[in-house]
Amino acid sequence: MQLAPEFEEALPVIQKIEEAGFVAYFVGGSVRDTILKKPISDVDIATSAFPEEIKAIFPRTVDVGIEHGTVMVLWQKEEYEITTFRTESTYQDFRRPDEVTFVRSLEEDLKRRDFTVNALAMSRDGEIIDYFDGLVDLNKGIIKAVGSATERFHEDALRMMRGVRFVSQLDFTLEAKTEAAIMEHHALLEKIAVERVQVEFIKLLLGKGRSQATIKLIETELYQYCPGLRKHGEGLYRYADLSGELPDSLTAWTLLVYFIQLDNQSIDAFMREWKCSKKAIQEVEVAKRALDFRLTTGWSKEQLYHTGLEIAVAVEKMHALLTGESDLAALETHYKNLPIHNKKQLKVTGNELIATLNRQPGIWLGELLVEIEREVLIGRLSNQTEAILSWAKEREI
């Protein structure tokens with residue numbers, strides 16, 4: 001197989017490992033994606049060399065997960081995670097192995113991977129090593145656990161979410177025994193940190209196969225162990241019926257709260273359960289209010305102003321997904337023609353108002369500026385210093 005540029009750049013790293021008497025292979029998602037002719041993200045390397053042996057080979061390394069056999073090698077301008085072939089013992093918490101044992105066998109290492117399509121390795125010559133029929137499953141478009149699905153999910157319960165996420169991301173289907181194992185063991189998901197679940201959930205919502213993956217999330221009952229979704233199976237089905245790919249997480253979250261019919265006051269608590277950032281929550285709150293407005297009365301000057309162009313464009317695209325109708329050109333023209341785009345553009349300062357009205361600073365000043373902002377925005381007051389000060393004086397009389 002012809003190596004992608006990302007692999008070509010990493011060849012010297014593998015070569016140095018082999019020159020030291022060990023073997024090394026490209027592994028994981030990058031191998032899967034290059035076979036599928038998809039863009040490659042991180043290039044991961046697995047090797048028979050133990051962590052201390054890797055550190056002896058390369059002058060610049062970082063111990064990013066050395067207890068689990070992973071060392072980051074800094075090579076020229078790139079960073080590569082090099083992980084020693086390993087086997088794992090029992091998992092008492094359904095998240096982390098009680099013990100990791102380093103081995104020299106690639107097959108033993110690949111045996112512990114989650115799904116067959118991820119249990120592929122590639123030599124520096126482009127030869128694919130496939131012990132578990134991952135190539136067959138890639139060709140069939142199937143997500144299938146390596147070996148016993150029950151064992152894999154007891155090792156790391158997040159793998160159940162990952163399985164459904166890959167259905168979306170790759171637009172594949174779940175193999176029957178793998179799906180049955182998820183249905184049987186779905187309650188294990190509550191053992192997993194919300195932050196880890198959230199990463200998989202968002203990737204699921206942004207995938208090409210989002211609709212069928214969302215249905216699998218419901219049918220396997222995994223959704224019941226996702227924050228705030230236990231009572232929203234019907235809303236998730238409505239979400240699954242929505243056609244078209246979603247471009248970003250703002251759209252994904254906003255449409256989710258729309259379809260599960262959360263009122264705007266409940267968004268903050270819901271997204272906090274998901275451990276979302278304060279910034280992400282605020283943006284979804286703004287977008288959801290704007291979407292409600294857009295679906296009922298269209299854009300007003302005030303709504304467009306308080307939404308901002310970037311989120312307004314995202315909302316207009318959401319409107320297109322929901323109704324088939326949008327007019328981005330008109331939206332951008334409407335925004336461009338607003339008298340002001342933020343409060344800083346007002347041609348008056350607080351100090352000027354204080355001096356003109358001969359008053360002490362106080363709450364009144366902020367309230368007055370908000371009123372001036374609105375009057376200018378809707379066109380009842382010209383955004384000129386003299387006009388604003390004159391209006392303020394008349395208002396005081």
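Predicted model: local features only at pLDDT ≥ 70, side-chain atom pairs only at ≥ 80, totals over all residues.
Local features were taken at pLDDT of at least 70 and side-chain atom pairs only at pLDDT 80 or more, whereas totals for chains, interfaces and linings use all residues. Residues are numbered from 1 along each chain as its sequence is written, and side-chain values use heavy atoms, with hydrogens and water left out.

The unreviewed UniProt entry places the feature "binding site" at Asp42 and Asp44; positions follow the numbering used here, feature names are shortened, and such annotations may be inferred rather than shown by experiment. Asp42 is in the loop between α2 (29-35) and β2 (44-47), where helices (H or I, at least four residues) and strands (E, at least two) are DSSP runs numbered from the N terminus. Asp42 has a relative accessible area of 58% and is therefore exposed (buried means under 20%, exposed over 50%, partly exposed in between; 1.4 Å probe, protein chains only). Asp44 is found in strand β2 and, at 29% relative accessibility, is partly exposed. Apart from neighbours within four places in sequence, Asp44 is in contact (heavy atoms within 4.5 Å) with Tyr25, Phe26, Val27, Ser30 and Glu81.

Thr34 lies in helix α2 and is buried, with a relative accessible area of 14%. Residues up to four places away in sequence aside, Thr34 touches Met1, Ala4, Phe7 and Ile40.

A search of the whole structure finds 12 aromatic pairs. Rings of Phe, Tyr and Trp (its six-membered ring) pair if their centres lie within 6.5 Å; planes under 30 degrees apart count as stacked, over 60 as edge-to-face and the rest as tilted. Phe50 and Phe102 form a tilted pair, 5.7 Å centre to centre with 50 degrees between the planes. Phe50 lies in the loop between β2 and α3 (51-57) and Phe102 in strand β7 (residues 100-102), so the pair ties together parts 52 residues apart in sequence. Phe50 is partly exposed at 27%, and Phe102 is partly exposed at 26%.

The ring centres of Trp253 and Trp274 are 5.5 Å apart and the planes are at 65 degrees, so this pair is edge-to-face. Trp253 is in helix α12 (residues 249-259) and Trp274 in the loop between α13 (267-273) and α14 (278-296), 21 residues apart. Both tryptophans, Trp253 and Trp274, are buried. Phe201, Trp253, Phe270 and Trp274 form one aromatic cluster.

Charges also sit over rings (NZ of Lys or CZ of Arg within 6 Å of the ring centre and within 35 degrees of the ring normal). Arg165 lies over the face of Phe166, at 4.3 Å from the ring centre. The charged end of Arg359 sits over the ring of Trp364, 4.2 Å from its centre.
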